[in-house]
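The following exercises are intended for a reader who meets this structure for the first time. Each task is followed by a solution in steps.

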Amino acid sequence: LRAVALAGLGKALGALEAEPPSSAGDELRATLLLEECATHALSQSPLELERTYAAALEARSLSFKLSGQMGMRTKFQSQAFAQLCLLARRSHDGGRPLLVWGALPAPPSLLPQQADAEDEILLTEKASAQSIMEGEGEDGEEGVDSGHSGKVQVLSPDELTPLDQALALVGAELAWLRTRSGPEGEGSSAAATQAEPMVFVDLVLGAPQDWAVQATALRLRAALDATARRRQPRALAQLEELTTAPLRAEPPVRARVTAFAWGLRSLPSRREVSLEYGRALAGLGSLADSVRAFREAGAEEEAAIALSALGEKEQALAIVREALADPGSATPGLYCTLGDLTGDEEHFRSALQLAGGRHFRAALALGASATRRRAWAEAEEHLKIALLLRPHSAPVWLHLAMCMMQAEPPRESEAVDALRRALSLEPDDVQSWALLGSTLLEMPGREDEARSALG
């Protein structure tokens, strides 16, 4: 699907190149490139995303520059510290005029509202960018005169069009993708992970104009806030606001259209936000509240899991069985949840059958069940299905090695290979090291390796 989407966008951009140059053509080109950016963001391809993003900014004569400013982060600071800031700049080369987005900004009362931080220590007001804008001239940058060729205009947030704001959100996604590179963003603190993308989001939220852009920016800010403990209450409050905003004022049709036209793939539906809200509540231990959020989102499976954690097994069973009574709402996940609640492995078989034989949770549960019954060949069969779906799951490699050791005759060499795969994924797993050592002891000439593994 990604290849098809990129091919279609490539054809559209090629056709546009053949058209006579115009302001409308420049805006359409930026819009198509923004859609291509969204495709690369979904597939987490940072290099391709960065290349396409640069082309989209060029089509809008727009650039974003990270800068710094001295300021306070908490009320108890005795001196100012450097803080990351963002400047939006528009170049004017004397060519075609910029086409201004034609619709009037939405009334603020109709837009999703920003949630305030409840922490009385943290400062939430952002420092003005005016001093930075004035400093541009002092540092030798070209001035803000937009009427002459080659000049660069530093833009305030309200001078950005909604299309420009959508490009800023792509910049935030790209910055976050960079900080999260590597295993779970290893090596980056929560503050470092959120600092760069947050300045892009703050720029957009500085001048709310469009429902789709505002909702996307707030959802991204909530995701960033969730990575920092002191900002988690604001993330929770923001998700709650996003679930109620459509009830207070239904998003206009144009918001839905522009969301797709500008590649705002992260524009949340109310169901998606309710799911995120429920998961956030569950993560904080508010299981009863999370159940209500899941039920509102129609996420019966997650509601049942939360109820089970609360000890309300009968209620959880009732929810799952009611959902499965409707063939149209039956999912492999619901059958797996029923299997977890009842302990009946037939429900996992139903899940695997419904998923066409490709469902990690069902295959893993069936493998574990067969292992408990000491049906090693059956367990190995299910575990191999699980590995096809998630080859980087260390516990599956470990249990597969156990099955290989119990085969008739035992397949020690294959078991050792499986255990080394498990340890490459989880180097500190004691059980894998112990099984590797004991397996090597049973293999002639591998005593030194066994002693090394047993340490």
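Helices (H or I, at least four residues) and strands (E, at least two) are DSSP runs, numbered from the N terminus. The model is a predicted one, in which local features need pLDDT of at least 70, side-chain atom pairs count only at pLDDT 80 or more, and totals for chains, interfaces and linings use all residues. Residues are numbered from 1 along each chain as its sequence is written, and side-chain values use heavy atoms, with hydrogens and water left out.

**Exercise 1.** Locate threonine 371 and state which residues it touches, not counting residues up to four places away in sequence.

*Solution.* Step one: threonine 371 belongs to helix α16 (residues 360-372). Step two: the relative accessible area of threonine 371 is 17%. Buried means under 20%, exposed over 50%, and partly exposed in between (1.4 Å probe, protein chains only); threonine 371 is therefore buried. Step three: a contact requires heavy atoms within 4.5 Å. With residues up to four places away in sequence not counted, threonine 371 touches Trp376, Ala379 and Cys403.

**Exercise 2.** Describe the surroundings of threonine 243.

*Solution.* Step one: helix α8 (residues 232-248) contains threonine 243. Step two: threonine 243 has a relative accessible area of 6% and is buried. Step three: a polar atom of the threonine 243 side chain lies 2.5 Å from the backbone oxygen of glutamate 240. This is a polar contact, that is, a pair of N or O atoms within 3.5 Å; within protein, one must be able to donate a hydrogen and the other to accept it, and residues adjacent in sequence count only if both atoms are side-chain atoms. Step four: apart from neighbours within four places in sequence, threonine 243 is in contact with Arg270, Val273, Ser274 and Tyr277.

**Exercise 3.** Characterise the aromatic pair in the structure.

*Solution.* Step one: there is one such pair, formed by phenylalanine 64 and phenylalanine 200. Rings of Phe, Tyr and Trp (its six-membered ring) pair if their centres lie within 6.5 Å; planes under 30 degrees apart count as stacked, over 60 as edge-to-face and the rest as tilted. Step two: the centres are 5.8 Å apart and the planes form an angle of 70°, an edge-to-face arrangement. Step three: phenylalanine 64 is in strand β1 (residues 62-71) and phenylalanine 200 in helix α6 (residues 190-205), 136 residues apart, which links distant parts of the chain. Step four: both partners are buried, phenylalanine 64 at 16% relative accessible area and phenylalanine 200 at 7%.

**Exercise 4.** Which residues of the largest nonpolar core touch the most other members?

*Solution.* Step one: a nonpolar core is a set of buried Ala, Val, Leu, Ile, Met, Phe, Trp, Tyr and Cys residues joined through side-chain atoms within 4.5 Å. Step two: the largest core has 52 residues, and Tyr53, Leu62, Phe64, Leu167, Phe200 and Val201 touch the most other members. Step three: helix α5 (residues 162-179) gives the most to this core, with 10 residues. Step four: a second, separate core of 36 residues includes Ala363, Leu387, Leu423 and Leu436.

**Exercise 5.** Is helix α7 mostly covered or uncovered?

*Solution.* Step one: of the 15 residues of α7, 14 are buried, so that the helix is mostly covered. Step two: alanine 212 lies in helix α7 (residues 211-225) and is buried, at 0% relative accessible area. Step three: at the start of α7, a side-chain oxygen of aspartate 210 comes within 3.0 Å of the backbone nitrogen of alanine 212.
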